[in-house]
Amino acid sequence: HALVFGAIQRFFPDFFPSPFTDRRQNLLALYESTEYSELTIDENWREKLIRILEAAGFFIVDNTKKFYVQLSDRDESKDKN
């Protein structure tokens, strides 16, 4: 295996991607710099209230859809029997 791999690497150096290319090293550096960065959201009370109301609206709509699907599935199973 090592002989074949060595021959491929020698005659076709770009056949297997190297982990040490500039592009991969740059991506690694970018990933490492953003991986542990802290995100701080600076918003006032009005923006917080809007965000909470939007989340509550999404929660209500999502659960209403799920409930409607359950009801329609149950009605379909009753119609089949």
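A salt bridge is defined here as a side-chain nitrogen of Lys or Arg within 4 Å of a carboxyl oxygen of Asp or Glu. The structure is a predicted model, in which local features need pLDDT of at least 70 and side-chain atom pairs count only at pLDDT 80 or more, whereas totals for chains, interfaces and linings use all residues. Residues are numbered from 1 along each chain as its sequence is written, and side-chain values use heavy atoms, with hydrogens and water left out.

Under this rule, two salt bridges are counted. In one of them, Lys66 is paired with Asp62, and the closest N and O atoms lie 3.4 Å apart. Lys66 and Asp62 are four residues apart in helix α3 (residues 45-80), so about one helical turn separates them; helices are DSSP runs of H or I with at least four residues, numbered from the N terminus. Lys66 is partly exposed at 49% relative accessibility, and Asp62 is also partly exposed, at 27%, where buried means under 20% relative accessible area, exposed over 50%, and partly exposed in between (1.4 Å probe, protein chains only).

A salt bridge is also formed between Arg51 and Glu43, with the closest N and O atoms 2.3 Å apart. Arg51 is partly exposed at 47% relative accessibility, while Glu43 is buried at 18%.

Phe5, Phe11, Phe12, Phe15 and Phe16 make a nonpolar surface patch of about 580 Å². Such a patch is made of residues with over 30% relative accessible area and no salt bridge, nonpolar side chains (Val, Leu, Ile, Met, Phe, Trp, Tyr) being joined within 5 Å. Among these residues, Phe5 is placed in helix α1 (residues 2-11) and is partly exposed at 42% relative accessibility.

Technical notes
Helix = DSSP H or I, 4+ residues; strand = E, 2+ residues; numbered from the N terminus. Patch = residues over 30% accessible without salt bridge, like charges linked within 9 Å, V, L, I, M, F, W, Y side chains within 5 Å. Areas by Shrake-Rupley, 256 points an atom, 1.4 Å probe, with all protein chains shown as cover.
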